[in-house]
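Hi there,

Here is the structure I promised to pass on.

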Amino acid sequence: WQKPRTIVQWQDAWGDWHTVEGWQGELDRVEIGADGEVVGQKIWWVAPANFDTGPFRWLVQLGAEGKLLATSAAFYLPSSNGAVVQVEASLEAP
């Protein structure tokens, strides 16, 4: 799990997914619990003009062009300053 890459995509009216420029990168933090569970965290900041928009989804892949490890369920961006949207995705072993 050294270099998983995260990508945020948005869905258009026809159901096609598009990568959001600027919302791609490595995880900010990775923790391993006593039970061996690995939890990664990535924080993206949202401009007020984008509040409460969507749907979006979060992809996790191994490296820039690597194997897809996880795809989250669709979600919407927060609706106000300071609001947090937590999105979970279970990773498959590479």
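**What I found**

Read from one end of the sequence to the other, the protein chain runs β-β-β-β-β-β. That makes six strands and zero helices (both are DSSP runs numbered from the N terminus: helices are H or I with at least four residues, strands are E with at least two). The radius of gyration is 14 Å, close to the 12 Å that the globule rule gives for 94 residues, so the protein chain is as compact as a globular protein of that length. For that comparison, the radius is taken over C-alpha atoms, and the rule is 2.2 Å times the number of residues to the power 0.38.

A word on the basis: this is a predicted model, in which local features need pLDDT of at least 70 and side-chain atom pairs count only at pLDDT 80 or more, while totals for chains, interfaces and linings use all residues. Residues are numbered from 1 along each chain as its sequence is written, and side-chain values use heavy atoms, with hydrogens and water left out.

**Overall picture**

The C-alpha trace spans about 40 × 30 × 20 Å along its principal axes. Of the 94 residues, 26% are buried (under 20% relative accessible area; exposed is over 50%, partly exposed is in between, with a 1.4 Å probe and protein chains only). Taking contacts (heavy atoms within 4.5 Å) between residues at least 6 apart in sequence, 40% join residues at least 24 apart.

**Gln9**

Gln9 sits in strand S1, residues 4-11. Its relative accessibility is 9%, so Gln9 counts as buried. Which side chains does the side chain of Gln9 reach by polar contact? One partner is Thr19, at 3.4 Å, and another is Arg57, at 2.7 Å. A polar contact here is a pair of N or O atoms within 3.5 Å; within protein, one must be able to donate a hydrogen and the other to accept it, and residues adjacent in sequence count only if both atoms are side-chain atoms. Leaving out residues up to four places away in sequence, Gln9 touches several others, including Trp17, Val20, Phe56 and Leu59.

**Asp52**

Asp52 belongs to the loop between S4 and strand S5 (56-62). With 52% relative accessibility, Asp52 counts as exposed. Not counting residues up to four places away in sequence, Asp52 touches Tyr76, Leu77, Pro78 and Ser79. Asp52 and Lys67 are 15 residues apart in sequence, yet 30 Å apart in space, C-alpha to C-alpha.

Best wishes
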